[in-house]
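Hi there,

Here is the structure I promised to pass on to you.

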Amino acid sequence: MNLKSLLFLALSTQLLCPALQAEDKRKLRYTDRKPQEYKLTARASEIDPRAKEHPEIDFVFEKDGKVEDLEHAVVNTRVKPRGKLVIWMMRYNSQLFDRLSKYGLHAIQVHYANRWFSKVCREQPVGETCRGNVRLEAATGEDFSDQVNIPHPDGMKERALQFVKWLAKKNPQGKWDYYLTADGKDLRWEDVIMAGSSHGSTTSARFAVHQKVGRVVMFCGPRDQLQNWQNLPSATPSNRFFGFSHVLDGGWSADHYCRSWELLGLNEHGPIVDVDQVSFPYKNSRRLITKCDVKENTRRAHSSVVPGGSACKNARGKYIHEAVWRYLFTYPIEKTGKATPLDPSCNKNQRES
């Protein structure tokens, strides 16, 4: 190697070293002396004194003598971390969180102003932007709707940030600070997985259209029929959205989930796949359904796609969708199925039900 080449190599190494060091510093590694699964809880009103109740939408800190604003978190330092934070947008689901920690994910469930659903946007038919705007205000704490007044500290975004900052101090073994920006003023949203069921899956999707995130997991949703936000230019690429529904769920049988999935562009990444007939990795699709036996109970069908009492089991009493749940949260987003034509049935029924 001549002198010119050596000088070029030395200069290149000098220039690259800071970048490589920065990249290495961002790698998530646990240094826990006693590796274990940590389950943590805290009240949102105690974490952030700015938090307020909104009784006009039944959003309170205590009700009937029970604490309503308790938030939950889990991390397992025995498992190699994936460097992804799940924000769960419904009530705490311990069985789901047990699985998320085993996948190597950090997970939190936050208490944010989400009790508006049966209180506003009740006109018939509901306006095209009403629910979408309220969802976005509830998620961001920014003024997107004239139906509610949800300030910044009470939106999901700020509640999640304050909870992660609290966790970083209370549980340094869990390396929660990995998900904070360098200035500590925001989450690193590219490493966040928005997830929820029903109402929560719908708001997760609405937020992801507005804010680019790492992934979206939508159980039994999103719905919001008659709304058009699903068709807005999305900050989050369509291959990062994953949906899972039971075919007896009213939102599926009335074609509402199917419509939302297509408007979000999920048909560009594979066909609708019956997970009980097609094995992992489900043709790399983002649109998964099940026909498992729920005794024709449509209410059970709605909640059967998440771990819990309504989920389907085999003859040995084991959940039959373990592989599906892992797929939804961990399958590489860059691996996608083939685009499929739009299904006319997905838009045939726009009625409220």
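Predicted model: local features only at pLDDT ≥ 70, side-chain atom pairs only at ≥ 80, totals over all residues.

Residues are numbered from 1 along each chain as its sequence is written, and side-chain values use heavy atoms, with hydrogens and water left out.

Let me start with two helices. (Helices are DSSP runs of H or I with at least four residues, strands are runs of E with at least two, and both are numbered from the N terminus.) Helix 4 (residues 130-140) packs against helix 6 (residues 199-210) at an angle of about 80°, and their axes are 9 Å apart. Axes here are lines fitted to C-alpha atoms, for helices over the stretch in contact, with angles running from 0 to 180 degrees between N-to-C directions. The two helices are therefore roughly perpendicular to each other (65 to 115 degrees; under 35 is roughly parallel, over 145 roughly antiparallel, and the rest oblique). Helix 4 brings G132, R135, L136, A139 and T140 to the contact, and helix 6 brings H199, T202, T203, R206, F207 and H210; contact means heavy atoms within 4.5 Å.

Next, the aromatic rings. The structure holds 14 aromatic pairs, meaning rings of Phe, Tyr and Trp (its six-membered ring) with centres within 6.5 Å; planes under 30 degrees apart count as stacked, over 60 as edge-to-face and the rest as tilted. The ring centres of W252 and W261 are 5.2 Å apart and their planes meet at 50°, so this pair is tilted. Both W252 and W261 are buried (under 20% relative accessible area; exposed is over 50% and partly exposed lies in between, with a 1.4 Å probe and protein chains only). One aromatic cluster is formed by F242, F280, Y282, Y327 and Y331.

How much of helix 8 is buried? In helix 8 (residues 256-263), 7 of the 8 residues are buried, and W261 is one of them. The elements covering these buried residues include strand 8 (215-219), strand 9 (241-246), helix 7 (250-253) and helix 9 (298-303). After helix 8 comes G265, which has a positive phi near 90°.

R99, in helix 3 (residues 94-102), counts as buried at 15% relative accessibility. Leaving aside residues up to four places away in sequence, R99 touches P307, Y319, E322 and W325. K185, in the loop between helix 5 (156-170) and strand 7 (192-197), counts as exposed at 65% relative accessibility.

Finally, some backbone details to look up:

- The peptide bond from G221 to P222 is cis, with omega near 0°; P222 is in the loop between strand 8 and strand 9.
- The peptide bond from F280 to P281 is also cis, with omega near 10°, and P281 is in the loop between strand 10 and strand 11.
- K175 is a residue other than glycine with a positive phi, near 55°, and it is partly exposed at 23% relative accessible area.
- S198, in the loop between strand 7 and helix 6, has a positive phi near 55° as well.

Best wishes
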